[in-house]
Amino acid sequence: MTPHAPKLFALEALVADQLSGPGRARIERHLSRCEACRAALGAVREYARVRDSARELPMPELAWEQMERALDRDLLNVAERKHASPPHAGRNGKLLALALPILAIAATVVIGWVGISGQREAAQLAARTQTKQAQPVTPVEGAATGWVTLGRLETHASGSPVIEGATLRTGRDEELHVHLGTGTGIVLAPDSELLIVRLTEHTVRLSLVRGGVSSTVRKLAAADSYVIEAAGYSAEVRGTRFFVGRAADDVHVAVHEGKVAILRQGKQIDLLTAGKSFSTTVPVGLKTSVDRLVLGLDDASHSWPTLTLPPLPQVSAWQVGDARLLAQAELSMRVPAGDLTLSFEDARGRLHAFQVTVAAEGSRIEEATIRAALQAEADARTGTLAPELIKPVIQGALPGLRRCYERGLRRARVEGRLTLAVRVAADGHVARAQLRGESALPVELTECIANQARGWVFPAPDGGPVAFEIPLNLKAASSSP
Amino acid sequence: MSEDDLLVERAKTGDRAAFRALFLAHRQQVVRLVHRFVPAEEVEDVAQDVFLHVHRSLASFRGESRFTTWLYRLTLNVARMHVRKQKSRPKLRLAGDDEQGLLEQPSHETPANLADRNERGRAFYRLLDRLSEKKREALVLHDLEGVAAEEIAKLLDIPVMTVRTRVFYARKELYAALTDEPSLAGFAAWLTTKEEP
C-alpha cells in the first residue's frame, strides 16, 4: 500500500474513545495495513499520556493571607503614587484651587493623621511634603493614632501606620483603639478586621470585613464625610457615636448619639437617630460591645519609653500582638521598659520573630538587629543527618543515576566530576537538588539526575533541614557513576 | 445573577470579604493556567499579580461576559506579558530550581513514581516551549484546561475555526517533537515496569 499522511483527527478520536463500533472497526482494519498510521497512533497515544501527566503536576497553593498583604501593599502604593504626584504647573486658577486640597491630603497621608483644621497649616504641610517626600517620616509629637490593648501590654503607636490601604485586625481577646483625628476615633471589637479605604482630612471611608467597630466622630463640616461599609451597606454619619457589626453578610448598626444614614447601593434606606438600630437580621453575638469609647481620645500623654521602628529593607510590616503596622515610614510606639517580643514580615510575607529589651530611655531597632534575627533563624533551622544514614539511600539510587547517565550519553560523551547539592527537608524528603559540573553539561543529564534526587527519601534529620553535597564521578567506560 | 456576579458587585464597593470569596473560588484555576505558561518558581508571583490586576480592574468589569471568561482573559494577558518580559531579560537558570517543594506535597504514590510522572509532566512543558505563543495558548486552554473551542474563541477574540486550526497544528508539532524528547522516550516500557506498587 502506498504510504499516505495519517488522518490525525481519526486517530485522536480513536484514542479518546469517541468512535462508534463500526467506525472503530474500520480504522482498526486500516491500521493493520498502514505502518505510517500505526506510528502516528503511537505518537497520539504518547501525547495523551504526557498531557495527562502535565495536567496532574502538583500546583503551588496561593494563600489568602499572602494575597491580602499584597493587596494592602498595592493599595498603599497606589495611594502614595496618587498623593505624591505634584500638581501640573501652569494651569488656571481653578486647577490651582483644586491642587491645594490635594496637596494637603498628600501631606496628611505622609506624616500621619494630625487633625489639621486650618487651610494655612495644610498648605504649609503640603510644601513640606513636596520637598521631603523621599525622607523618612518623623512622627508628629502628640499625633496619637492608636492604642493597642494586648492583654496586659498597652502599646501606644504614633506616626502613620493607620493610613490608606492598611488592614487592622484584632484577636479574640483584644480590641484596638485608633485615633483618626481630633475628636474622631474607633474601637475595633475583638476578632474583627477593618480596611482603611480612604483617610484624608475630609474623608474617612472604612470597610468592615468582619466583627464590629464603634466610632466616635467629631462634628463634621458639610463637605466632610465619614462612612463605614459592610456587606454592601454603608453607614454615613454627621457627628455621632455609633457601632457597626458584621457577620458574613449580616449587618447591625446601633446609634448612641447623633444621626446615621444607612445606604444600600448608593440609596438611603434608613436614617437612624440616637437609641435606634438597623439589622439585616440579628446574628448571635453581633450586638455585643456596641458602645465603646475610644481610650485616650483627648489624652496623648504617656510615661512609657518610646520604641522606634525605622523603615528597613528587610521589613514590609511590623506585627505587635495582632496589630499589623505597615513599615512604610518610621513608627514610634510607647511600650513598657523590659523584654518585648516583636515580629516582622519580610517582602515575601514570611513572619519572623525576635526579642528586644526596651531601655528606660527608649530604644530603636537597627538593621543589624534584624540581620542578626534572620541569621539566628537560619542557624536554628540547620539539622544533622549521619553519613551512615545518607549512604544507603544514595546506593539504592545508583541504578536511576546510571540510567540518566546512559541517556545523557546519547546526546554527548560526558566525563568528569560533578557535585550534586542536596537539601533534605525536616521530614526526610529532598526539598532541593542541584547538579554542578566543571564544564557545561547536557541539560537532559543535569535535569534527569536532579529529578532522580528529588525523589529520594532520607530518614528525618535531627533538628531540622540539612544540606550536603554528593560528588559524582562520571566515566563512560565504567558501569557506575 | 450568578454567585460570582453578586460577589463582584460587592467587591466593587471595596468589600474585602467578597473579594476574598472570589479569590478562594478561582485561585486554583488561575494558578493552574499561569502554571501552563510560566516557570514553576514564578507561578505564585504571577498568579498574585493576576489577582492584583483583578482588584484594580474590577470597576471596569461590566458583566458583559461571564466573570470567569474575563478572569481567564486577564490571566492570559498577565502571563503573556510576564513571559515576554522574561524572554527579553538575560537569565541564568539552574537545573532543578523550578521544582522546589513539589515533592513535599503529600501523596499516596511512592516518591519514585511521583518523580517519574513529574518528569513526564515537565518534559511536556519543555515541548510546549517550542510552540508559538498563539498555538501554545490555544492548545493549553483546549487540551490542558478543557475549555471548549467556542469559549476559547471568545477569550482570544478569534474565530472558532482558527482555534481548531491552531490546536490541530500545535498537536501535530508536538507529535513530531515527542520522538526527540529524551525524557519521554520509552514510555511503553515505563508503563509496564514502573507502575507497579
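Contact here means heavy atoms within 4.5 Å. This is a predicted model, in which local features need pLDDT of at least 70, side-chain atom pairs count only at pLDDT 80 or more, and totals for chains, interfaces and linings use all residues. Residues are numbered from 1 along each chain as its sequence is written, chains are lettered from A and ligands numbered from 1 in the order in which they are written, and side-chain values use heavy atoms, with hydrogens and water left out. Chain A has 9 helices and 22 strands, while chain B has 9 helices and 0 strands. Helices (H or I, at least four residues) and strands (E, at least two) are DSSP runs, numbered from the N terminus.

**The two chains**

- Chain A has 481 residues, and 48% of them count as buried; buried means under 20% relative accessible area, exposed over 50%, and partly exposed in between (1.4 Å probe, protein chains only).
- In chain B, buried residues make up 52% of the 197 residues.
- The elements of chain B, read from the N terminus, run α-α-α-α-α-α-α-α-α.
- For chain A, 59% of the contacts between residues at least 6 apart in sequence join residues at least 24 apart.
- For chain B, residues 24 or more positions apart account for 65% of the contacts with a separation of 6 or more.

**Helix packing between the chains**

- Helix H3 of chain A (residues 35-55) packs against helix H8 of chain B (residues 160-178) at an angle of about 95 degrees, and the axes are 9 Å apart. Axes are lines fitted to C-alpha atoms, for helices over the stretch in contact, and angles run from 0 to 180 degrees between N-to-C directions.
- That angle makes H3(A) roughly perpendicular to H8(B). Angles under 35 degrees count as roughly parallel, over 145 as roughly antiparallel, 65 to 115 as roughly perpendicular and the rest as oblique.
- On the H3(A) side the residues are A:Ala43, A:Val44, A:Glu46, A:Tyr47 and A:Val50, which meet B:Arg171, B:Leu174, B:Tyr175 and B:Leu178 of H8(B).
- The contact of H3(A) with H8(B) has 7 nonpolar, no polar and 2 charged residues. Ala, Val, Leu, Ile, Met, Phe, Trp, Tyr, Cys and Pro count as nonpolar, Asp, Glu, Lys and Arg as charged, and the others, Gly among them, as polar.
- H3(A) also packs with H6(B), at an angle of about 85 degrees and with the axes 11 Å apart; these two helices are therefore roughly perpendicular to each other.
- A:Tyr47, A:Arg51, A:Ala54 and A:Arg55 of H3(A) make this contact with B:Leu139, B:Asp143 and B:Leu144 of H6(B).
- By class, the contact of H3(A) with H6(B) divides into 4 nonpolar, no polar and 3 charged residues.

**Nonpolar cores**

- The largest nonpolar core has 77 residues, and B:Val54, B:Phe67, B:Leu128 and B:Leu141 have the most contacts inside it. A nonpolar core is a set of buried Ala, Val, Leu, Ile, Met, Phe, Trp, Tyr and Cys residues joined through side-chain atoms within 4.5 Å.
- Helix H4 of chain B (residues 67-87) gives the most to this core, with 9 residues.
- A second, separate core of 29 residues includes A:Leu206, A:Ile228, A:Val244 and A:Val253.
- Beyond its neighbours within four places in sequence, B:Val54 is in contact with B:Phe19, B:Phe67, B:Trp70, B:Leu71 and B:Leu74.

**Single residues**

- A:Asp17 is not a glycine, yet its phi is positive, near 60 degrees. A:Asp17 lies in the loop between helix H1 (8-15) and helix H2 (21-33) of chain A, and is exposed at 57% relative accessibility.
- A:Ala231 likewise has a positive phi, of about 50 degrees, without being a glycine. A:Ala231 lies in the loop between strand E8 (225-230) and strand E9 (233-247) of chain A, and counts as buried at 5% relative accessibility.
- B:Lys135, in helix H6 (residues 133-144) of chain B, is partly exposed with a relative accessible area of 23%. Leaving aside neighbours within four places in sequence, B:Lys135 is in contact with B:Arg166, B:Tyr169, B:Ala170 and B:Glu173.

**Cysteines**

- The whole structure has 0 disulfides over all chains, a disulfide being a pair of cysteine sulfur atoms within 2.5 Å.
- A:Cys34 is buried at 5% relative accessibility, and A:Cys37 is buried with a relative accessible area of 3%.
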